[in-house]
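Trainee: Could we go through this structure one question at a time?
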Amino acid sequence: MQFKVCLPMKTDKQWMPIWQLKAIDQQKSHVELRLDISRDLKYFEGHFPGFGVLPGVVQIHWAQCLSRQFFDLPKFGFAGLEHIKFQALVLPGTKIDLILSWQPELHKLGFVFQDAAKVYSSGRLLWKSVS
């Protein structure tokens, strides 16, 4: 099953990758997705001319956006990022896995973009505790 999610199409260029669900645990706190990073993604335009690279901020956005398909993330109170690492370039045409882990008691979303050979990026998104 494949989906396109998050942003409306304003041109013939895509804003989000096409993704497939690979696995989800019984507690629904851990999800694995397979992403097809199309050469037509809008984000490759101008970043960089002649050598497209997926910006790190887009990877963070995708982790947050796609995780909302599976987890009940807080709507407000974003508190920051921790342990963000960009270790390899995500190039047009790449197929990678996105692993998402939600810790509701800690208000933390962990993400890892990887394939069998390497980790592209990883980190955690944090939300304030609402009492």
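Mentor: The questions below concern a predicted model.

Trainee: Is Leu33 buried or exposed?
Mentor: Leu33 lies in strand 3. Buried means under 20% relative accessible area. Leu33 has a relative accessible area of 0%, so the word for Leu33 is buried.

Trainee: How many residues apart in sequence are Leu33 and Asp97?
Mentor: Asp97 is among the residues that Leu33 touches, as are Trp19, Phe70 and Leu100. From C-alpha to C-alpha, Leu33 and Asp97 are 5.5 Å apart in space, while their separation in sequence is 64 residues.

Trainee: Which class does Phe51 fall into, by its relative accessibility?
Mentor: Phe51 sits in the loop between strand 3 (30-36) and helix 1 (56-67). Together with Phe48, Leu89 and Leu91, Phe51 forms a nonpolar patch on the surface. The class between buried, under 20%, and exposed, over 50%, is partly exposed. Phe51 is at 45% relative accessibility and therefore counts as partly exposed.

Trainee: How many aromatic pairs are there?
Mentor: Rings pair if their centres lie within 6.5 Å. By this rule the count is six.

Trainee: What kind of aromatic pair do Trp15 and Tyr43 form?
Mentor: Their ring centres are 5.3 Å apart, with 80° between the planes. Planes over 60 degrees apart count as edge-to-face, so the pair of Trp15 and Tyr43 is edge-to-face.

Trainee: What kind of pair do the rings of Trp102 and Trp127 form?
Mentor: Trp102 is in strand 5 and Trp127 in strand 7, and both are buried. Their ring centres are 5.8 Å apart and the planes lie at 85°, so the pair is edge-to-face.

Key: Residues numbered from 1 in each chain as written. Predicted model: local features only at pLDDT ≥ 70, side-chain atom pairs only at ≥ 80, totals over all residues. Heavy atoms only, no water. Patch = residues over 30% accessible without salt bridge, like charges linked within 9 Å, V, L, I, M, F, W, Y side chains within 5 Å. Areas by Shrake-Rupley, 256 points an atom, 1.4 Å probe, with all protein chains shown as cover. Salt bridge = Lys/Arg side-chain N within 4 Å of Asp/Glu carboxyl O. Helix = DSSP H or I, 4+ residues; strand = E, 2+ residues; numbered from the N terminus. Buried < 20%, exposed > 50% of the residue type's maximum accessible area, 1.4 Å probe, protein only. Contact = heavy atoms within 4.5 Å. Phe/Tyr/Trp six-rings, centres within 6.5 Å; stacked < 30°, edge-to-face > 60°. Lists of a residue's contacts leave out its neighbours within four places in sequence.
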